[in-house]
Amino acid sequence: MNRSGIGLLLAAIAATLSTEATAARFSLESPAEGIYLHRGAQADASPANGGDIANIGFIIGSRCVAVIDSGGTAAIGSALLAAIRKLTDKPVCYLIHTHVHPDHGFGDVAFAGSETVFVAHAEFPAALAARRDHYRAALRQTLGDAASGSEIAVPTRLISGEQMLDIGDRTLVLRAWPTAHSNTDLTVFDLRTQTLWTGDLLFVDRIPVVDGKALGWMMAIDALIAMKPAHLIPGHGPLSRSAEVAFTAQRNYLHKLITECRSALGNGITLSGAVETIGFDENKHWLLFDEYHRRNVTAVYTELEWEE
Ligand SMILES: [Zn+2]
């Protein structure tokens, strides 16, 4: 075997080992009948966590299974599929993306080539096309060979407004949101158990990231609380049974960014001045504050610059 052959073999062994390691430590919780959740680490992707940083899971109906987000790598997607197979041999009929961010979707490849229909917000294909190359390069840079084979699928069933999916004696209500956390946010509401999967419209303990519009996000938060779900599954962080409680910290944070950015704009404070002064008392409430807060101020300031 030549040197490149040995390199490929070593990469394949590394990928297999990382898949097995991921499957071995893949935990599940079940907050309600037929609802299964795997909670990612509350951290940025790293070799230590293998990119397993987002909440992902599935819902089992009498006919088939709906997966909600596939995780940050091919290995995580495979571990999710293995976890499903331990519980049921029903087909995975839908893989629903809560939004385009790569920590939620690079595990798609584990479900490709089967009967699975990939479902997402109507804006998802365009957002993916614009970002795919960057997402691939960033994953490779962060995880090296553990990124091997990871791929986000192009969805074929696109959602605008609200649509129902039937997985057999079980109806899921999918709702595509105007730009909020991102421009591809989609929530999944299981009518039987009143469980709401928010995707990244809700961050608990980990600082929210504004990759969309803070004003749109505030409106989405009000609408999500008004749904009064019995169980709430955030995109990052622990489960909750009260939307009012679960959204409080995030709503306060976004409200503060909006209010203080508006005031800075009114007082002629520049973006760089705003970034160094706004919202630092929020530090104590959030994990990864230093990594994302300044970026959030920049996003909200820029968003509000254009309002009258
Ligand atoms: Zn996200």
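How many Å separate the centres of domain 1 and domain 2, taken over C-alpha atoms? In this predicted model, the centres of the two domains lie 27 Å apart when taken over C-alpha atoms. Domain 1 covers residues 3–246, and domain 2 takes up residues 247–308.

The contact draws on 21 residues from domain 1 and 20 residues from domain 2. On the side of domain 1 that touches domain 2, at least two residues each come from β11 (195–203), α4 (214–226) and α5 (243–246). Helix α4 gives the most to this side, contributing six residues. Sorted by class, the side of domain 1 that touches domain 2 holds 15 nonpolar residues, five charged residues and one polar residue.

A second contact worth a visit is the one between helix α6 (residues 248–266) and helix α8 (residues 289–305). These helices pack at an angle of about 60 degrees, and their axes are 9 Å apart. Because of that angle, α6 is oblique to α8. The crossing in which α6 passes α8 is right-handed.

The residues that bring the helices together can be named one by one. From α6 come L257, I258, C261, R262, A264 and L265; they meet N296, V297, V300, Y301, L304 and E305 in α8. Taken by class, the residues of the contact of α6 with α8 comprise nine nonpolar, two charged and one polar.

Methods. Residues are numbered from 1 along each chain as its sequence is written. This is a predicted model: local features need pLDDT of at least 70, side-chain atom pairs count only at pLDDT 80 or more; totals for chains, interfaces and linings use all residues. Axes are lines fitted to C-alpha atoms, for helices over the stretch in contact, and angles run from 0 to 180 degrees between N-to-C directions. Helices (H or I, at least four residues) and strands (E, at least two) are DSSP runs, numbered from the N terminus. Angles under 35 degrees count as roughly parallel, over 145 as roughly antiparallel, 65 to 115 as roughly perpendicular and the rest as oblique. A crossing is left-handed if the near helix is turned anticlockwise from the far one by less than a right angle, and right-handed if clockwise. Two residues are in contact if their C-beta atoms, placed from the backbone, lie within 7 Å. Ala, Val, Leu, Ile, Met, Phe, Trp, Tyr, Cys and Pro count as nonpolar, Asp, Glu, Lys and Arg as charged, and the others, Gly among them, as polar. Domain bounds come from an automatic or database domain assignment.
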